[in-house]
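Me: I'd like to go through this model and ask where the labels come from. Could you set each value against its cut-off as we go?

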Amino acid sequence: MTIQWFPGHMTRARRQIQEKLKLIDIVIELLDARVPMSSRNPMIDEILLDKPRLIILNKADLADPRATDRWISFFGGHGHPCIAVDSSTGTRVDEIPGRVQEILKEKIDRMRSKGMNPRALRALIVGIPNVGKSTLINRLAGRNIAETGDRPGVTKGQQWIKVGKELELLDTPGILWPKFEDELVGYRLAMTGAIREQILNIEDIAYFAVRELVERYWDALEERFGIDEPPADLENNQEIVRVMEDIGRKRGCLMSGGRVDLEKASGIILRELRAGKLGKITLEEPDPYA
């Protein structure tokens with residue numbers, strides 16, 4: 001699957017980010033803790049060059065905590081301090097300003113050594129659509145400033161937002177890249193809601209989701225949907241479809257003649273996965289990227 005989706009406001013966002021970089025002290029890169037690598041825009045390194053960076057693994061409440069710990073070590077080992085937060089509940093969000101101060105300590109010390117009173121640090125916050133940037137900003141600011149939504153593409157412009165007296169954030173629209181050459185990236189982003197469902201086949205995405213869950217978290221599927229017969233062969237398409245049909249029957253997704261409405265069942269699978277009702281799930285490990 002090659003998904004191509006690059007709305008005009010994302011092209012503008014990239015240009016605006018590049019124009020604002022000279023004003024920026026640090027970049028806060030927001031990733032989805034469930035798919036840290038797939039939710040990293042490969043253009044970000046090219047856009048941001050060598051700016052200091054703090055990586056935030058957001059939605060950590062939905063991710064497998066053991067995998068999250070491994071990702072924190074992975075990014076730290078590659079020179080990027082990393083912290084896992086939950087912007088929806090505010091868990092560990094209040095640690096972010098302090099981490100920014102730590103990363104920029106040398107810059108702050110230089111300003112003080114010159115007799116300058118350090119100004120508020122300026123941070124650019126970047127991330128793909130629907131990764132929770134606006135929710136995080138509102139948590140940091142302590143008030144509803146950035147528009148939020150449960151769909152990608154909510155933020156359309158840029159704005160400076162004060163976080164206390166020592167930090168200012170520049171919000172930007174989420175930036176997706178023009179197309180996903182790796183179909184795993186496209187599917188994983190679709191599973192977690194970063195891509196509008198209108199441009200995708202929901203049954204294909206649910207099929208991929210079930211296949212991933214059978215391989216990684218069969219117990220979660222079994223417990224949530226009450227199914228008890230895992231596929232004997234993950235490469236057999238019909239075996240995965242059978243699991244989807246079993247879920248559909250359990251949830252009453254039936255049409256005339258007793259056939260399962262796979263589209264309806266697919267919607268249930270994806271909604272419950274995204275809402276965390278299948279438990280704490282991470283779909284990527286750092287080992288392949290080490």
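Me: What makes F74 count as buried?

Reply: Before that, a word on the ground rules: this is a predicted model, where local features need pLDDT of at least 70, side-chain atom pairs count only at pLDDT 80 or more, and totals for chains, interfaces and linings use all residues. Residues are numbered from 1 along each chain as its sequence is written, and side-chain values use heavy atoms, with hydrogens and water left out. Now F74: buried means under 20% relative accessible area, exposed means over 50%, and partly exposed is in between (1.4 Å probe, protein chains only). F74 has a relative accessible area of 11%, so it is buried.

Me: And why is the pair F74 and F75 called edge-to-face?

Reply: Rings of Phe, Tyr and Trp (its six-membered ring) pair if their centres lie within 6.5 Å; planes under 30 degrees apart are stacked, over 60 edge-to-face, and the rest tilted. F74 and F75 have ring centres 5.2 Å apart and planes at 75 degrees, so edge-to-face it is. F75 is buried too, at 1% relative accessibility.

Me: How do you know that W71 and Y289 are a tilted pair?

Reply: By that ring rule the count comes to five aromatic pairs. One of them is W71 with Y289, at 6.1 Å centre to centre and 40 degrees between the planes, which makes it tilted. This pair links distant parts of the chain, with W71 in helix α3 (residues 65-77) and Y289 in the segment after α11 (262-274), 218 residues apart. Helices here are DSSP runs (H or I, at least four residues), as are strands (E, at least two), numbered from the N terminus. Ring pairs link W71, F74, F75 and Y289 into a cluster.

Me: Are W71 and Y289 buried or partly exposed, and what makes them so?

Reply: W71 has a relative accessible area of 0%, so W71 is buried. Y289 comes in at 36%, so Y289 is partly exposed.

Me: What makes a set of residues a nonpolar core, and how many residues are in the largest one?

Reply: A nonpolar core is a set of buried Ala, Val, Leu, Ile, Met, Phe, Trp, Tyr and Cys residues joined through side-chain atoms within 4.5 Å. The largest has 63 residues, and those with the most contacts inside it include I28, V100 and L221. Helix α8 (residues 202-216) gives the most to this core, with seven residues. Another core lies apart from it, with twelve residues, among them L31, M37, A60 and F74. As a general point, nonpolar side chains tend to be buried together in soluble globular proteins.

Me: What does α8 pack against, and how does its span sit with the expected one?

Reply: The expected span of a helix is 1.5 Å times one less than its number of residues. α8 has 15 residues and reaches 21 Å from its first C-alpha to its last, close to the 21 Å expected. Among its buried residues are I205, F208, R211 and E212. The buried residues of α8 pack against α7 (183-192), α9 (218-225), α10 (237-250) and α11.

Me: Which residues does V100 contact, and what counts as a contact?

Reply: Contact means heavy atoms within 4.5 Å. Leaving aside neighbours within four places in sequence, V100 is in contact with I26, I28, L54, L121 and L167.

Me: Why is L48 called buried, and what does L48 touch?

Reply: L48 sits at 2% relative accessibility, so L48 counts as buried. L48 lies in helix α2 (residues 44-48). Not counting residues up to four places away in sequence, L48 touches I17, L21, V27, R53, L124 and V126.

Me: What makes K59 and R92 worth a mention?

Reply: K59 has a positive phi of about 60 degrees although it is not a glycine, and phi of R92 is near 65 degrees, also positive in a residue other than glycine. K59 is in the loop between β2 (53-58) and α3, while R92 is in the loop between β3 (82-84) and α4 (96-103). At 16% relative accessibility K59 counts as buried, whereas R92, at 36%, counts as partly exposed.
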